[in-house]
Amino acid sequence: MRGVKSVKALGLAAAVALAAGTAQAQVSDGVIKIGVLTDMSSLYTDLAGAGSVVAAKMAVEDFGAAAKGMKVEIVSADHQNKPDVGSAIARQWYDADKVDVIVDVPNSGVALAVNEVTREKNKVFLVSGAASSALTGDKCSPNTIHWTYDTWALANGTGRAIVKTGGDTWFFITADYAFGHQLEADTSAVVKEMGGKVLGAVRAPLNTPDFSSFLLQAQASKAKIVGLANAGGDTVNSIKQASEFGIVKGGQNLAGLLVFLTDVHSLGLPVAQGLIFTEAWYWDMNDANRAFAAKFAPQDKGIHPTMIHAGVYSAVTHYLKAIEQAKNDTDGKAVVAKMKSMPTDDKLFGKGTIRADGRHIHDMYLFEVKKPDESKKPWDYYKLRATIPAAEAFRPVDKGNCPLTKS
Amino acid sequence: MARDTAPRAKNGYRHQYAIFAFMVALFLVLPYVIYPVFLMQALCFALFACAFNLLIGYTGLVSFGHAMFLGAAGYISAHAAKVWGLPPELAILAGTAASAALGLVVGLLAIRRQGIYFAMITLALAQMIFFFSLQAKFTGGEDGIQSVPRGVMFGILNLQDMMTMYFVVLAIFLAGFLLICRVIHSPFGQVLKAIRENEPRAISLGYNVHQYKLIAFVLSAALSGLAGGTKAIVFQLASLTDVHWTMSGEVVLMTLLGGMGTLFGPVVGAFIVIAMQNYLAQLGSWVTIAQGVVFVICVLAFRRGIVGELGRFLKKPL
């Protein structure tokens with residue numbers, strides 16, 4: 001009995017000494033473990049994928065974690081775009097591998113699954129790659145921050161800015177499933193609100209290889225703007241075929257509602273020129289971004305950073321700042337609360353805030369893809385058409401139906 | 001070695017009891033060594049592969065649309081647990097019943113044709129189910145049904161507890177597995193094998209082949225549904241992945257890899273495929289390549305699958 005007592009006393013003393021002595025000792029097992037859960041093998045590999053791991057690593061390096069005595073480890077995995085694989089990995093990371101935070105997760109289905117697992121395990125989830133605005137809407141969680149963009153911001157930004165710059169008649173080519181319908185509905189609401197007109201819409205089956213009949217209808221509608229309410233392969237295909245039909249040359253403009261730098265890269269400027277869309281970040285906008293891209297590209301097969309990569313960098317930076325101040329990474333809710341209470345500031349996204357519903361607020365930008373002769377260097381693809389100020393860029397907090405914002 | 005060619009002899013199967021006991025013991029110990037969620041996922045797929053094997057391995061029907069039973073049951077179970085608020089056991093049963101009903105309809109249509117036509121009909125109907133799942137309101141489109149409550153089974157077993165959940169899944173898997181064993185070794189199962197070997201001869205012997213095939217099909221669909229419903233409760237979600245045609249392909253891979261027409265093969269195959277998906281996830285794009293290579297090696301080097309080759313080596317049906 002004496003032995004047990006003395007061991008207990010020793011343990012207590014040690015605990016007290018640890019708590020009083022070193023400040024960093026509160027961090028679970030002394031290591032901050034960041035899990036980058038992303039798509040390494042399928043349609044989001046280039047726009048997120050390995051680049052997101054690179055971005056997280058760069059954030060840790062630039063933060064100077066090692067110099068500050070914080071031990072940070074990064075692990076990564078491929079969720080294969082399967083929600084069950086993603087949620088299994090998330091569970092294992094949290095339960096067995098002592099991961100403290102999961103970042104990125106392109107693919108909304110997987111992100112929503114990880115959102116629930118993170119809530120259950122009280123860890124932290126920083127979303128950069130997923131689009132669903134439900135993450136800060138009715139599925140919002142005190143453990144989740146949605147960093148880069150969402151469907152509402154894209155629809156709103158593109159719709160609003162285009163109508164403002166004269167594109168007041170629209171025709172939609174919509175992918176025929178919930179996601180496409182949502183994008184179309186969100187965008188047309190904005191277009192109408194701004195005084196524009198929606199001349200019509202056509203529903204295209206998901207993953208169809210042939211857009212000719214839909215493009216002909218769009219052409220015949222004489223709308224100034226053809227809105228592409230689709231994603232991934234459908235967007236790429238519809239843009240390619242629109243170029244073959246001479247839609248842009250005929251005076252109409254294409255508005256993509258979910259387009260990334262890497263999509264434009266794979267399409268090539270002759271095909272993609274004239275396309276208008278909203279993004280949160282572009283590498284060639286200022287010196288800080290260019291410096292980031294110059295360091296990033298060699299580490300990711302020459303791919304220049306997309307807004308998702310920049311979002312991962314920015315989110316991880318802010319997370320590390322919050323940990324540094326809170327000196328605690330075990331209670332996910334507390335960490336996220338800390339992150340929300342601090343204004344965000346980093347070299348890529350500049351100054352910003354995080355709302356109560358977990359939405360990171362920053363400026364969004366409307367870009368147009370350059371003509372081939374305007375492009376001066378590799379990856380020189382966008383020209384800025386408008387800046388959407390942070391206050392207008394995201395869904396108003398009271399319209400999201402997030403339970404966290406009701407008290 | 002006449003006994004090997006005469007599986008009717010009752011003692012020819014005695015070793016299977018030993019293997020079964022070993023498997024049960026293994027599954028009782030494993031959760032203390034390996035991460036239980038991975039095991040639960042593997043067990044669900046093992047049951048799915050066993051159900052598929054009942055058709056392909058013992059009846060000779062190559063279905064290429066089995067994902068529809070897994071996925072549809074997943075959606076029904078998830079919806080039942082989340083929206084209707086049913087306890088998990090009823091939710092899983094609802095999913096199983098839905099898949100059995102779906103199996104009856106699909107089976108009635110599909111068993112009229114053989115070989116590639118049968119496969120194509122099942123594939124086409126599975127694609128229709130996929131399209132329905134994508135469009136219908138209650139499935140949540142590409143987001144799926146999320147945050148399904150695990151609930152309390154029979155009013156006493158709290159499934160929030162990981163170990164409780166594991167043993168419930170294990171019990172469901174073993175029940176399904178034993179049912180399949182019983183079916184295979186029954187006179188009914190003998191008729192199925194006769195149909196597999198030579199359908200015209202089975203007809204000439206006076207068996208109503210259509211009826212036997214249909215029953216086997218419905219059984220397989222129901223057991224796939226049991227797996228899908230359980231999986232939805234384990235992962236607390238139902239998503240398009242499970243109704244997608246690639247899932248139908250994955251179950252073929254599991255069954256072929258483990259050993260088509262063997263009792264334990266699909267279990268082994270499912271564990272290998274799921275382990276590759278989970279433990280190779282760090283390798284990124286190499287996961288799918290590794291799967292492809294394994295499939296090619298399997299088809300080229302050991303066509304009977306791992307357990308099938310082992311059984312041939314030991315000269316015993318496994």
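1. Beyond its neighbours within four places in sequence, A:Ala326 is in contact with A:Ala334, A:Val335 and A:Lys338; contact means that two C-beta atoms, placed from the backbone, lie within 7 Å. A:Ala326 belongs to helix 12 of chain A, residues 307-326. Helices are DSSP runs of H or I with at least four residues, numbered from the N terminus.

2. A:Ala326 counts as partly exposed because it has 18 C-beta neighbours inside 10 Å. On this scale 20 or more other C-beta atoms within 10 Å make a residue buried, 12 or fewer make it exposed, and partly exposed lies in between.

3. This is a predicted model, in which local features need pLDDT of at least 70 and side-chain atom pairs count only at pLDDT 80 or more, while totals for chains, interfaces and linings use all residues. Residues are numbered from 1 along each chain as its sequence is written, and chains are lettered from A and ligands numbered from 1 in the order in which they are written.

4. Chain A is assigned domain 1 (27-149 + 286-362) and domain 2 (165-279 + 364-393), with bounds from an automatic or database domain assignment. Their centres, taken over C-alpha atoms, are 29 Å apart. In chain A, 11 residues of domain 1 are in contact with 9 residues of domain 2.

5. Between the chains, 25 residues of chain B are in contact with 29 residues of chain A. Helix 2 (36-56), helix 5 (115-135), helix 11 (265-279) and helix 12 (286-301) of chain B each give two or more residues to the side touching chain A. The largest share, 3 residues, comes from helix 2 of chain B.
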